[in-house]
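Thanks, everyone, for making the time this morning. Please have a look at the structure on the screen before I start talking.

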Amino acid sequence: MATLDTDVLVIGGGSTGAGVAWDSALRGLHVTLVDRQDFATGTSGRFHGLLHSGGRYAVKDPSSARECASENRILRQVAADCIEDTGGLFVSVPEDDQEYPDRFLRSCRGAEMEVEEIPVAEALRLEPLLNPRITRAFRVSDGSIDSWKTVSALLRGAQAHGARVLPYHKVVRVVRQGDRVQGAVLEDQRTGEQVTVTAACTVNAAGAWSGQVAALAGCEVGVMPGKGVMVAINHRLANSVVNRCHLPGDGDIIVPVRTVCVIGTTDHPVADPDDTEPRPEEIHQMMEAGEALIPGFKYTRAVRAWAGSRPLLPKAKSGAVADDREVTRSHSVLDHEERDGVAGLVTVAGGKFTTLRLMAEDTVDMVTRKLGRELACQTKTEPLPGSESHRYYWVGNRQEEAEADEPDDPLICECELVSQQDLQTVVARRPAWNLDDIRRALRVGMGPCQGGFCAFRVAGILHAQQRYDRPEANRALRDFVQERWKGVKLVSWGHQARQDRLDRWIFEGVYDLEHLPE
Amino acid sequence: MNPDVVVIGAGTAGMTAALRLSGTGATVLVLAEGEGALPLAPAQVDLLGYTPALVSEPLRELAPFLQERPWHPYRLVTPDEIEAALGWFADLAAPLGYVGSAQRNRLQPTALGALRPTCLVPETMASGDLSEGGEVLVVGLRGFRDFHAQLVAENLGQAHLASGAAVGARAVEVSLVGDPRDLRPQLLVRRLEQRAVLAQLAREIRTELGQETLIALPAVLGMERSHEVWQRLQELLGRPVFEIPTPPPSQPGQRLQQVLFRALRRQGGEVRLGAKATGFRGTGGRVESITVQLASREVQVSAGEFILASGGLGTGGVTVDPDGGLHEPVFDLPVTTAGAPGQPSAEYFATQPLDRLGVSVDSEMRPLGTGGEPLFTNLRAAGAVLGGAEPWREKSGEGISLATGFRAAAVITGGGG
């Protein structure tokens, strides 16, 4: 079995782990980051894409609100290329508590958020599809952030500073010598080969799965997975983030993300963080809830539904919590040496995507203290790869790029304007074991056709270039069709049901994918 | 025009019924919401391919297949009618030189290299029946997104044939002269109709040609002049050439559409594209007229007889609302799920709740109400709007459309029943 040595082993390749890797690498530590799958496949890749202004937590969880507000400002500088500056609105509908907006305004100001009340007519001018019955409207600095792009940029940055990243490497054993964690044994999920990583410090950044990772080290972390359901609509019904101005509830945020918009979310405690199958009633609840913000929402074209598991960490040790929304959105860094007498292991849990940088800073502060190396955090000012010019991403960027492309660089995905050259660039620098890995990098298969036209092209091109052998190409295509169906089957009505028929016509009728040899 | 018959839908079923009726002297108007469904389809005629076991003699295996599926639309027609409909179709589409029979399935390669059972194929695909094996050179066009020759060839090489014969396949990729941005099927067909471009393609292929006895290309060998292009390429290469259908827009489907539209016009019928039927007026169990949405206005179209051939869920013949309500949008006919499961299966290729949606009809092809009674004396339904089939999985779509379109016309002229 091969052995790799590193200063910091980070378990979990979501936003938290990638943030820790970036922060550690910038401080000059040698980092190895591992994930059981591709990066950002857990909670990070399954959220609505909201860069919080803090408004959502202003009344109920002021410390979270304050953190969001300040991290929002930092990320807009260092991760501009991953962010679309959509701005956000909080609107009060007649069914909402009409006392709430004043409390909201006071709390936002208390949390040092940028907030401005605007006339209802102005809000309706900005967002013409908005419910005309809204009674008040506030402008905040919400944004839309691309989780895959962010995680990918964090990891590329970390790698440029010497970090090693190992996707599809699952921790099968935590190596413990007496009361000290010394690393982990990993199994490559693609080949079955094992490798040992020895580390001076191990960071458990497995989010909703951090309880499972801690258990491998003989420690207990009472993380409570909170399932949140989301539905993507095939175009942008709003150009800014639209929030209901009330105490956070279900289906009260609509976030424009790239070519679509996403409504979220629910919040139910689940025992297993891998339990991410939305129930039909949860989806209908989202579609009905959208009506309060955008009348007719229910009849718009939903392209897909999915759920993610929030890594909630109750401050009080265990004990039943009736409503997940009572749990703070702040994060905690747990020192297992102090807490459980197990040295060499730190767990970071709780928190949210918007505060990923702060979580990483707090975690690596503890790691450097433990290693006895006083190294200052640099992530507040160091831009991520791609964000050096501090220019925000804009929804027209892909069109601009497509128009500038070489004439012999054909589009392989018309929905998301992905060219063959884009595909080459991505497979050269990140895992492409599954077509889903490529989807996370390029958004192929995320538009209205959900892979009906592009999946076959990607599999065929990668096979022709000998990145996939024949069985791999067939498997990759079949798996992708199966994976897309997971989210499509839940929204099979209206035009998406019709689209599903066209896709079946192609996969079953034209290709006979079902009867392809293994 | 004051037609005797209005047909809603310009796919295989609608065009079959329209052509049959106009052939007997009736004036027929065909309306299609968009451009009709034919440009989506590979233009092969499937009758029955999987039950789910592979079918080799479709007409003979139909009876046991229907035994287990009392809801299936093939129950509305006899094997003789199916055979007659296929024979009629092959005659009518003579310019495309259809070959094959309802008695036996051919095995034709797909754009992924699976061997797919089907009954009739146009002449440009005729030599691609690999039931008895063969040595194939699969030719890809560099930069064409919808055909990957290497994958087709390797998958074909894995085929297990009942005959015990083997398929040998090798891939080559050739470049076409001209603007690489034109590598879309709609433009490729035009370029290959130019003699110089075709000659250049033949030269490129010839330098790569080995012992292979067959040459396969994506289905872009010309549009109106496909016969000439295909014939000429075979002459230049000295071996049989066949086309493999690619995803929509299907050029063979487009050719078939042109042939069928032209035939109807020759018989005095008319096709109106971009005309969406949205409702009807009627009294006492008769449809008087239908409401048709044109680009600029709405009109009422009256006729003596109406045929609903609007297709299934995929083409808007049936719709599903967010609450799961099922609708037939023109006549508000009841929609059946024909024994399909109530909940979606996690397995993509399993039977899904929406797979068999459609309307039910009596033996005279008249749509039925919830009580099982025919709703209108002068309305018939045919093709994919009929519930109960899983056409892509069974490989049965064109057979159902041809046979039920054929029958709908027959009951109107009094020849059926």
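Predicted model: local features only at pLDDT ≥ 70, side-chain atom pairs only at ≥ 80, totals over all residues.

Let me begin with strand β14 of chain A, which covers residues 241–244. Val241(A) and Asn243(A) point one way from this strand, while Val242(A) and Arg244(A) point the other way, and all of them are buried. As background, side chains in a regular strand alternate between the two faces of the sheet.

Which strands does β14(A) pair with? With strand β5 of chain A, residues 88–92, the pairing is parallel and runs over 4 bridges, and here Phe90(A) is the residue standing opposite Asn243(A). With strand β15 of chain A, residues 253–257, the pairing is antiparallel and consists of 2 bridges, and in this case Asn243(A) stands opposite Ile253(A).

Now to the helices, α11 (residues 420–429) and α12 (residues 435–442), both of chain A. Their axes lie 10 Å apart and the packing angle is about 110 degrees; because angles of 65 to 115 degrees count as roughly perpendicular, that is how we describe α11(A) and α12(A) relative to each other. The crossing of α11(A) and α12(A) is right-handed. On the α11(A) side the contact is made by Asp422(A), Leu423(A), Val426(A) and Val427(A), and on the α12(A) side by Ile438(A), Ala441(A) and Leu442(A). Sorted by class, this contact of α11(A) with α12(A) has 6 nonpolar residues and 1 charged residue, with no polar ones.

Methods: Residues numbered from 1 in each chain as written. Chains lettered and ligands numbered in written order. Buried ≥ 20, exposed ≤ 12 C-beta atoms within 10 Å, placed from the backbone. Pairing = 2+ DSSP bridges. Axes fitted to C-alpha atoms, helices over the stretch in contact; angles between N-to-C directions. Parallel < 35°, antiparallel > 145°, perpendicular 65-115°, else oblique. Left-handed = near helix turned anticlockwise from the far one by under 90°. Contact = placed C-beta atoms within 7 Å. Nonpolar A, V, L, I, M, F, W, Y, C, P; charged D, E, K, R; others polar.
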